[in-house]
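Please examine the sequence and the model together while reading.

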Amino acid sequence: MTLGEQLELAIYRFVESVGKGQGRTVDITTVTDLIPGAHNVDAVDALIRLHDDGYVSLVRYDAGPNPVSYVDMRRDNGA
């Protein structure tokens, strides 16, 4: 199993540990620390893959009163 696959599985288990369909607030450091040797870029890539495959939904919280859905955000793919 690749590092990315290990991280995806660890993230999924972590998110689902509070209950199926329940929201969970998490920061990138917590996600990165799930697998020894993982870096922030690995965690971000794994989160994007899980989201794109429909396993998790991502919501960004900012200073405003309402969360912003990840799908409503402009994605920067470095292009």
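In what follows, two residues are in contact when heavy atoms of theirs lie within 4.5 Å. The model is a predicted one.

**Overall composition**

The secondary structure of the protein consists of three helices and two strands. Read from the N terminus, these elements follow the order α-α-α-β-β. The protein has 79 residues, of which 22% are buried.

**Helix α1 and residue L7**

Helix α1 has 14 residues, and at 1.5 Å a residue they should span 20 Å; the C-alpha atoms at its ends are 20 Å apart, in agreement with this expectation. The buried residues of α1 are L7, E8, A10, I11, F14 and V15. These buried residues pack against α2 and α3.

Which residues does L7 touch, once its neighbours within four places in sequence are left aside? The contacts of L7 are V31, L34, I35, A38, D42, A43 and A46. L7 itself belongs to helix α1. With a relative accessible area of 0%, L7 counts as buried, because the cut-off for that term is under 20%.

**Residue E8**

E8 also has its place in helix α1. Its relative accessible area is 18%, so E8 is buried. Apart from neighbours within four places in sequence, E8 is in contact with A46, R49 and L50.

**Residue A38**

A38 is found in the loop between α2 and α3. This residue is buried, its relative accessible area being 11%. When neighbours within four places in sequence are set aside, A38 is in contact with L3, L7 and T32.

The table gives their C-alpha to C-alpha distances.

| Pair | Separation in sequence | C-alpha to C-alpha distance |
|---|---|---|
| A38 and L7 | 31 residues | 7.8 Å |
| L7 and D33 | 26 residues | 9.5 Å |

**Helix α3**

Helix α3 comprises residues 40-52. At 1.5 Å a residue, these 13 residues should span 18 Å, and the end C-alpha atoms are 18 Å apart, which agrees. Where in α3 are the buried residues? They are A43, A46, L47, L50 and H51. These residues lie on the same side of α3, because they cover an arc of only 135° around the axis. The cover over the buried residues of α3 includes α1 (3-16) and α2 (28-32). After α3 comes G54, which has a positive phi, near 85°.

**How α1 and α3 meet**

The axes of α1 and α3 come within 9 Å and cross at roughly 65°. The two helices are therefore roughly perpendicular to each other, since angles of 65 to 115 degrees are described in that way. The crossing in which α1 passes α3 is right-handed.

Which residues form this meeting of α1 and α3? On the side of α1 they are L3, G4, L7, E8, I11 and Y12, and on the side of α3 they are D42, A43, A46, L47, R49 and L50. L7 and E8 are among the buried residues of α1, while A43, A46, L47 and L50 are among those of α3.

How values were computed
Residues are numbered from 1 along each chain as its sequence is written. This is a predicted model: local features need pLDDT of at least 70, side-chain atom pairs count only at pLDDT 80 or more; totals for chains, interfaces and linings use all residues. Side-chain values use heavy atoms; hydrogens and water are left out. Helices (H or I, at least four residues) and strands (E, at least two) are DSSP runs, numbered from the N terminus. The expected span of a helix is 1.5 Å times one less than its number of residues. Buried means under 20% relative accessible area, exposed over 50%, partly exposed in between (1.4 Å probe, protein chains only). The arc is that of the directions from the helix axis to the C-beta atoms. Axes are lines fitted to C-alpha atoms, for helices over the stretch in contact, and angles run from 0 to 180 degrees between N-to-C directions. Angles under 35 degrees count as roughly parallel, over 145 as roughly antiparallel, 65 to 115 as roughly perpendicular and the rest as oblique. A crossing is left-handed if the near helix is turned anticlockwise from the far one by less than a right angle, and right-handed if clockwise.
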